[in-house]
Amino acid sequence: MSLIDMYDRISLAVDKSEFSIGIFIDLSKAFDTLDHCILLRKLEHYGIRGVALDWFKSYLCNRTQCVALNGVTSSFKNVTYGVPQGSILGPLLFILYINDIVNCSDLLLFILFADDTNLFFSCIDIKELFATVNMELAKVSDWFRANKLSLNTKKTNFILFGNKHLSNVYQTLCISIDGYKLEQVAHTKFLGVFVDEKLTWKKHIEYITMKISKGLGMLGRVRNILPLNALLMLYHSMIYPYLTYCNLVWGSANASSLKKLVSLQNRAVRLITRSSFRSSCNPLFARLHLLKLCDITKFQTAQFMYKVKNHLLPLSCMRHVTVIDQVRPYHTRQSYYFTMSGFRTVIRESSINIRGPKLWNSISPDIQNVSSVTMLKRALVKFYCDSYHRNCTDID
């Protein structure tokens, strides 16, 4: 959801011929530096009071720790900062602690996910963009100091998004916080996905290509030893997760960028079925009941649209689509549920706002109107696998 929101904001800015900047914040030992007194005050502010607050106080306080090295153990010291690592409550308490950071600036867009804090701002004038961001970052810095959190300036960086031509004055501009000049990068890792300045996803595709290639090497070594079900288990463990993780965002990359992944997936199904190198892959995908990469993207997009339609996602996701007024003064030949917004650029066309309604409106009403997400998944897998059967004569 965070990546979808980020792509939506940036692609909309690019479509309006604006510059957009993303600042990717890295906090030093975020979970280990939470102040207990500040955390308890925030819990009380959010309505956790009385016995419940005493329970949290007891949970956090009177914890001790020591260091053991080469057979020597130090004395125990009280832990007065941080939340217990590896606990169920740890991430939740951190989210509650950092939740009010969004109040320190009315201009910056905050996208928060656990200890990943990211800021975005768009403007048509690049000088105004840099000036505004530097001014707002001073407020963010004040919030960090007030909440006793430390910024890791060496790992904090920013990306400037946009297809517009950069003037010479851009070279003299910089982004800084607490006197430290932040590094501008062409790409960075955000929630496990490499985001690049042109939103082409080439860096991320290169990354998962390398990971999948290693998995294929393993499949190749055991293809003649293990049975089919074991090979499929390896595929779902070592290859499929890379093809599906956040595919809803990067899966819309252009065909030339995805070509290598398509070839690797084809090779995987040939290894699993012990087929020759030049075997047609359509019947193999149909036989194994697996989806091709392009159909994985459609599969995830259709699920997203189904959940939006049936209000199974947070309200914030509803702004990504527009529902057609079902009460019309006239009749149309075909009835659609979602409508597409206008767009100018390919980057915007790849957003869920545009391709989501387009895909959903192309799906058969029999599939659209199933009663659950589980039934939707089964219907979509059957539909795509049936299409592989129909195209068995196609050349891959």
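Is Phe-94 buried or exposed, and why does it count as that?

Modeller: This is a predicted model. Phe-94 counts as buried, because its relative accessibility is 0% and the cut-off for buried is under 20%. The residue sits in helix α4, which covers residues 89–98.

Now the pairs. The structure holds 13 aromatic pairs. One of them joins Phe-94 to Phe-31: the ring centres are 4.7 Å apart and the planes meet at 15 degrees, so this pair is stacked. The limit for stacking is under 30 degrees. Phe-31 lies in the loop between β1 and α2 (36–45), and 63 residues separate it from Phe-94, so the pair links distant parts of the chain. Phe-31 is buried too, with a relative accessible area of 16%.

A second stacked pair is formed by Trp-55 and Tyr-59. Their ring centres are 5.8 Å apart, with planes at 5 degrees, so they count as stacked. Here both partners belong to helix α3 (residues 51–60). They are 4 residues apart, about one turn of the helix.

Next, the cores. In soluble globular proteins, nonpolar side chains tend to be buried together. In this model the largest nonpolar core has 74 residues. Met-6, Trp-201, Leu-261 and Phe-304 touch the most other members. Helix α12 (residues 293–309) supplies the largest share, 8 residues.

Beyond its neighbours within four places in sequence, Trp-201 is in contact with Met-6, Tyr-7, Val-193, Phe-194, Val-195, Asp-196, Val-249, Trp-250 and Ala-253.

On to a strand. β8 (residues 157–161) has 5 of its 5 residues buried. In a regular strand the side chains alternate between the two faces of the sheet. Both faces of β8 are covered: Asn-157, Ile-159 and Phe-161 are buried on one side, Phe-158 and Leu-160 on the other. β8 runs antiparallel to β1 (residues 19–25), joined by 5 bridges. Ile-21 stands opposite Leu-160 there. With β11 (residues 183–184), β8 pairs in the parallel sense over 2 bridges. Asn-157 stands opposite Glu-183 in that pairing.

Two loop serines come next. Ser-252 is found between α9 (247–250) and α10. Ser-252 counts as buried at 19% relative accessibility. A polar atom of its side chain lies 3.4 Å from the backbone oxygen of Ser-350. Leaving out residues up to four places away in sequence, Ser-252 touches Asn-247, Thr-297, Ser-350 and Arg-355.

Ser-275 is in the loop between α10 (255–272) and α11 (282–288). Ser-275 is buried as well, at 18% relative accessible area. Its side chain makes a polar contact of 2.7 Å with that of Thr-273. Beyond neighbours within four places, its contacts are Arg-223, Arg-270 and Leu-284.

Last, the whole. The protein has 16 helices and 15 strands. Buried residues make up 47% of its 396 residues. Among contacts between residues at least 6 apart in sequence, 70% join residues at least 24 apart.

Notes
Residues numbered from 1 in each chain as written. Predicted model: local features only at pLDDT ≥ 70, side-chain atom pairs only at ≥ 80, totals over all residues. Heavy atoms only, no water. Buried < 20%, exposed > 50% of the residue type's maximum accessible area, 1.4 Å probe, protein only. Polar contact = N/O pair within 3.5 Å; in protein donor to acceptor, adjacent residues only side chain to side chain. Contact = heavy atoms within 4.5 Å. Core = buried A, V, L, I, M, F, W, Y, C linked by side-chain atoms within 4.5 Å. Pairing = 2+ DSSP bridges. Phe/Tyr/Trp six-rings, centres within 6.5 Å; stacked < 30°, edge-to-face > 60°.
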